[in-house]
Amino acid sequence: IYPPLMIMGRVGRVGKVILLTFLIAIIAIAIHSWLLYKSYIFDQESIAALARKAITTANSEGNSSHDRIFELVANELSAIYSGHILPPEKREWVFINSGGWMGAFYILHASLTEYVLFFGTAIHTLGNSGMYKYHCML
């Protein structure tokens, strides 16, 4: 009986390529299965309703500035999804200059499968945020 490394030494180049391809396929199938049955934390309808509520509240207060609306949304998200939203002391605006445009984003939550952030630019920007197999709400 040979140890695993000795067996690998006896396998030719084609065998190693087949083994590597098999391992990559297994990993891809496992990730795909995980994504199919993963339960997500956030849902589109509740975040949209929360944003509409924040806009209405800010307008009724007479302070409909972006900062006030962002604050209302972030506080409400923190209350509803405690433990999943970054605490205020860890949040900051991140500036990005890419592809001829400049923008900024403020991350509230980021994971392998979801993110919640505020995004803005000073000028009109066109484009997409990438290719997604699953639903992506911007």
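Read along the sequence, the protein chain follows the pattern α-α-α-α-β-β-β, that is, 4 helices and 3 strands, where helices (H or I, at least four residues) and strands (E, at least two) are DSSP runs numbered from the N terminus. This is a predicted model, in which local features need pLDDT of at least 70 and side-chain atom pairs count only at pLDDT 80 or more, while totals for chains, interfaces and linings use all residues. Residues are numbered from 1 along each chain as its sequence is written, and side-chain values use heavy atoms, with hydrogens and water left out.

With the whole chain in view, note that buried residues make up 17% of its 138 residues; buried means under 20% relative accessible area, exposed over 50%, and partly exposed in between (1.4 Å probe, protein chains only).

Select Leu-19 next, which lies in helix α2 (residues 13-37). Leu-19 counts as partly exposed because its relative accessibility is 36%.

Now move to Glu-114, in the loop between β2 (101-110) and β3 (115-121). Glu-114 is buried yet has no salt bridge, and the nearest side chain of opposite charge, Lys-38, is 4.6 Å away; a salt bridge is a side-chain nitrogen of Lys or Arg within 4 Å of a carboxyl oxygen of Asp or Glu, and for charge Lys and Arg count as positive and Asp and Glu as negative, with His and the chain ends not counted.

Finally, display Phe-42, whose backbone nitrogen is reached by the side chain of Glu-114 at 3.1 Å. Not counting residues up to four places away in sequence, Glu-114 touches Tyr-40, Ile-41, Phe-42 and His-109, contact meaning heavy atoms within 4.5 Å.

Methods
Polar contact = N/O pair within 3.5 Å; in protein donor to acceptor, adjacent residues only side chain to side chain.
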